[in-house]
Amino acid sequence: MKEKFAEQMERELQGRVVLSERQMEQFYRYCEMLTEWNKVMNLTAITEMEEVVTKHFVDSLSLGEAVPDLAGHGWRVMDVGTGAGFPGIPLKIAYPELKITLLDSLNKRIKFLDAVAEELQLEGVETIHGRAEDFGRDRRYREQYDLCVSRAVANLATLSEYCLPFVKVGGAFVSYKSGKLEEELESGRGAVGKLGSEIEKVLRFALPNGDERVLVTVKKVKPLSTKYPRKAGLPSKMPLA
């Protein structure tokens, strides 16, 4: 099983990310823990090994296509709405020098992530339990990150208000998306502008199984107004236009 896992990872990564034996072992153990813990709590609907590799691990590592100089930097990265640790944990395994903060609103997920970080001996991983709107106003986190990432399901305007408060001027927020985005991109431009940022690039690609994916890179160009983020609940109920 482990050999099959490693073969699939290598085949689907196509050399874009080269993993050491230890890193491959960490990914395999992460996959095992995901399956084990999922029996007692709802972490993910995707539990088959082959699907975990493609839809969670390879998808998470696709960030390297949008941010090609990920390696070799000790960047601070915030993962908003990380859930079972995607994309933050795969990024940390593949790029150990990154300093990763994993934010989620459900404490049971945080407990899982703490267990994963301990089991895999991942250093430089912080987990925080709470809402992005609250931590985005906290001076310890506000505009402290080189990069913010999110695979959370929400429209671009809402996600931008969740994520851009964490990003330094000159840094970026990268949103993992799927399907057709033209209307969402158009409606999200106004929100992005109000948040001191601009859509820098939109990268479209397909996962090895044919699923369409999009990475939207939003560049932070000036400090964020103190009006944002608005209080908890408003970014989703009343997205910026």
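Which residues is Asp-59 in contact with, leaving aside its neighbours within four places in sequence? They are Thr-54, Arg-151, Tyr-176, Phe-205, Leu-207 and Arg-213. Welcome to this structure, which is a predicted model.

- Asp-59 sits in helix α3, which covers residues 49-61.
- Its relative accessibility is 2%, so Asp-59 counts as buried, the cut-off being under 20%.
- Arg-213 belongs to a strand, β7, made up of residues 212-220.
- Arg-213 is also counted as buried, because its relative accessibility is 16%.
- The side chains of these two residues, Arg-213 and Asp-59, are joined by a polar contact of 3.3 Å.
- Apart from neighbours within four places in sequence, Arg-213 is in contact with Asp-59, Lys-177, Ser-178, Leu-203, Arg-204, Phe-205 and Leu-207.

**Helices α2 and α6**

- Two packed helices are described by the angle between their axes and the distance between the axes.
- For α2 and helix α6 (residues 107-119), the angle is about 150° and the axes are 11 Å apart.
- Angles over 145 degrees count as roughly antiparallel, so α2 is roughly antiparallel to α6.
- The crossing of α2 past α6 is right-handed.
- On the α2 side, the contact is made by Arg-29, Tyr-30, Met-33, Leu-34 and Trp-37.
- On the α6 side, Lys-111, Phe-112, Ala-115, Val-116 and Glu-119 take part.
- Sorted by type, the residues of this contact between α2 and α6 are seven nonpolar and three charged, with no polar ones.

- The side chain of Arg-16 makes a polar contact of 2.8 Å with the side chain of Gln-14.
- Arg-16 and Leu-61 are 45 residues apart along the chain, and 9.1 Å separates their C-alpha atoms.

Technical notes
Residues numbered from 1 in each chain as written. Predicted model: local features only at pLDDT ≥ 70, side-chain atom pairs only at ≥ 80, totals over all residues. Heavy atoms only, no water. Polar contact = N/O pair within 3.5 Å; in protein donor to acceptor, adjacent residues only side chain to side chain. Axes fitted to C-alpha atoms, helices over the stretch in contact; angles between N-to-C directions. Helix = DSSP H or I, 4+ residues; strand = E, 2+ residues; numbered from the N terminus. Parallel < 35°, antiparallel > 145°, perpendicular 65-115°, else oblique. Left-handed = near helix turned anticlockwise from the far one by under 90°. Contact = heavy atoms within 4.5 Å. Nonpolar A, V, L, I, M, F, W, Y, C, P; charged D, E, K, R; others polar. Buried < 20%, exposed > 50% of the residue type's maximum accessible area, 1.4 Å probe, protein only.
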